[in-house]
Amino acid sequence: MITTLFWDIDDTLLDFKRGERIAIRQTLSHIGIEPTEETVQRYSEINESLWKRLERGEITRDKILVGRFEMLFSALGFAGDAPSTQDLYFTNLGEQHDFVEGAEAVLDALRGSYRMIAVSNGTTVIQSKRLAASGLDRYFDRIFLSESIGAEKPSAAFFDACFAALPDVRRDEVLIIGDSLTSDMRGGADAGLYTCWFNPHGKTNQTGVRVDYEIAALTELLPLLKQIG
Ligand SMILES: [Mg+2]
């Protein structure tokens, strides 16, 4: 029986990709780079590749935050200051907190019936700001942020730390809901949880990671949970 839901935040409950695009455009404009579609895309690709390396344990978080702007400036041949650009970007990003469609309605419907736990690889200062500004924080009994824990999804260390703080929750009564196969689904499967892949764009799972349930819209979670029991 599922008693507890582990929720990914970015691109599961909050529309991170949209917020990221807005914040990066504001930031580039401010430092004198024209934020064309191509430049924003270039930034996104660099950033995504660095986060994937973090999930694989190849680099540290600090390396990503400044490194992505160093790499972007180098790709564009632009002489910019990466640390101050990163600071400005964080200020802009912290103000972005649009919901994924259906997020509030689904959380409202489930609150009270399940223990609600947030599990995010986001950066502590940004995630805390966005969770508070969006009002999402009020839905959660506990919020686990990887930077505060000192380990990232999908690592066992991340999930072990969560369960150490939730002594009355058994792993086989938890369903983790998230958009990422490599962090949420892999981490959940390895940690012995049930997994639900939020896959709004109909991607194919080519990772070999076990997925127990799949939904294309958050509202599908309500009938699914009834069915699982
Ligand atoms: Mg996510």
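Start by selecting helix H9 (181–190) and colouring its buried residues: Leu181, Thr182, Ser183, Asp184, Met185, Gly187, Gly188 and Ala189. Buried here means under 20% relative accessible area, exposed means over 50%, and partly exposed covers what lies in between, with a 1.4 Å probe and protein chains only. Helices (H or I, at least four residues) and strands (E, at least two) are DSSP runs, numbered from the N terminus.

A word on what is on your screen: this is a predicted model, where local features need pLDDT of at least 70 and side-chain atom pairs count only at pLDDT 80 or more, while totals for chains, interfaces and linings use all residues. Residues are numbered from 1 along each chain as its sequence is written, and side-chain values use heavy atoms, with hydrogens and water left out.

## Stop 1: around H9

Why is H9 largely enclosed by the rest of the structure? Eight of its ten residues are buried, so the helix has the rest of the structure around it. Now show the neighbours: the buried residues of H9 pack against helix H2 (37–55), helix H8 (156–164), strand E4 (174–178) and strand E5. Contact, on this tour, means heavy atoms within 4.5 Å. Then step just past the end of H9 to Gly192, which takes a positive phi of about 85°.

## Stop 2: Ile177 in strand E4

Next, select Ile177, which sits in strand E4. Is Ile177 buried or exposed? Ile177 counts as buried because its relative accessibility is 0%. Show what surrounds it: leaving aside neighbours within four places in sequence, Ile177 is in contact with Leu5, Phe6, Trp7, Asp8, Thr12, Cys196 and Leu221. For a sense of scale, draw a distance from the C-alpha atom of Ile177 to that of Glu70; the two are 107 residues apart along the chain and separated by 33 Å.

## Stop 3: Asn199

Move along to Asn199, in the loop between strand E5 (194–198) and strand E6 (213–215). With a relative accessible area of 3%, Asn199 is buried. Not counting residues up to four places away in sequence, Asn199 touches Glu214, Ile215 and Ala216.

## Stop 4: salt bridges

Side chains of opposite charge can pair when their charged atoms come close. A salt bridge is counted when a side-chain nitrogen of Lys or Arg lies within 4 Å of a carboxyl oxygen of Asp or Glu, and the structure holds 14 of them.

Go on to Arg18 and Asp98, whose side chains meet in a salt bridge at 2.0 Å, N to O. Arg18 belongs to helix H1, and Asp98 lies 80 residues away in the loop between helix H4 (82–94) and helix H5 (103–110). Arg18 is partly exposed, with a relative accessible area of 38%, and Asp98 counts as partly exposed at 34%.

Then pick Arg171 and Asp160, which meet in a salt bridge at 2.9 Å, N to O. Arg171 is in the loop between H8 and E4, while Asp160 is in helix H8, eleven residues apart. To finish this stop, select Asp8, Lys153 and Asp184 together: salt bridges that share partners join them into one network.

## Stop 5

Zoom out and colour by domain. The domain assignment gives domain 1 (4–15 + 99–228) and domain 2 (16–94); such bounds come from an automatic or database assignment. The C-alpha centres of the two domains lie 25 Å apart.

How many residues of domain 1 are in contact with domain 2? Show 19 residues of domain 1 against 14 residues of domain 2. The area buried between the domains is about 1,300 Å², with carbon and sulfur atoms giving 51%; buried area is the accessible area (1.4 Å probe) that two parts lose on being put together, summed over both.

Two salt bridges are found across this interface.
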